[in-house]
Amino acid sequence: MNHSKKVLWSVCNNELLDKIEIRKRVGNSSFQTLSKIEAKSELGTVEYQFNDPLLNTNQLVQYQQILHAKDGNQIHSSLLTSDDRNRSQSPAIELYPNTE
């Protein structure tokens, strides 16, 4: 059975960003980059989303963002875990890193 997860997040000081990297790890595997999203050309706090189509893994799935700033610095978000062994939970996931 196929499922998808909607990864939602807000970024403060968006004008400082160049791009956002979305990473995922299933079970005990290494993190894999799913996508690199160009930062929107908006000032202040901006909302983003990424739809992750995935198969029913019956494993833990973890997401992480890497915020790439225009000055070359990187900010790693906290890990967000979704337990795909429990399909009763909502497929929407929200990440809210604070870049201030």
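Trainee: How many helices and strands are in the protein chain?
Mentor: The protein chain has zero helices and eight strands. Please keep in mind that this is a predicted model. Along the sequence, the pattern reads β-β-β-β-β-β-β-β.

Trainee: What share of the residues counts as buried?
Mentor: Of the 100 residues in the protein chain, 39% count as buried. The chain exposes about 6000 Å², and carbon and sulfur atoms supply 45% of that area.

Trainee: And the contacts between residues at least 6 apart in sequence: what percentage join residues at least 24 apart?
Mentor: The figure is 65% for the protein chain.

Trainee: Changing topic, how many salt bridges does a search of the whole structure find?
Mentor: The search finds one salt bridge. Its partners are Asp-52 and Lys-24, whose closest N and O atoms are 3.1 Å apart.

Trainee: Which strands do those two residues lie in?
Mentor: Asp-52 lies in strand β4 (residues 46-55) and Lys-24 in strand β2 (residues 17-26), so the pair ties together parts that are 28 residues apart in sequence.

Trainee: Is Asp-52 buried or exposed?
Mentor: Asp-52 counts as buried because its relative accessibility is 3%, and the cut-off for buried is under 20%. Lys-24 also falls under that cut-off, with a relative accessibility of 13%, and therefore counts as buried.

Trainee: What else does the side chain of Asp-52 make a polar contact with?
Mentor: There is a polar contact of 2.5 Å with the side chain of Tyr-63. The side chains of Asp-52 and Lys-24 are likewise joined by a polar contact, at 3.1 Å.

Trainee: How far apart are Asp-52 and Ser-4, in sequence and in space?
Mentor: They are 48 residues apart in sequence, while their C-alpha atoms are 5.3 Å apart in space.

Trainee: Let us turn to Arg-23. Where does it lie?
Mentor: Arg-23 lies in strand β2.

Trainee: Why does Arg-23 have no salt bridge with Glu-21?
Mentor: Side chains of opposite charge can pair when their charged atoms come close. Arg-23 is buried, and the nearest side chain of opposite charge, Glu-21, is 4.3 Å away.

Methods: Residues numbered from 1 in each chain as written. Predicted model: local features only at pLDDT ≥ 70, side-chain atom pairs only at ≥ 80, totals over all residues. Heavy atoms only, no water. Salt bridge = Lys/Arg side-chain N within 4 Å of Asp/Glu carboxyl O. Helix = DSSP H or I, 4+ residues; strand = E, 2+ residues; numbered from the N terminus. Buried < 20%, exposed > 50% of the residue type's maximum accessible area, 1.4 Å probe, protein only. Contact = heavy atoms within 4.5 Å. Areas by Shrake-Rupley, 256 points an atom, 1.4 Å probe, with all protein chains shown as cover. Lys, Arg positive; Asp, Glu negative; His and termini not counted. Polar contact = N/O pair within 3.5 Å; in protein donor to acceptor, adjacent residues only side chain to side chain.
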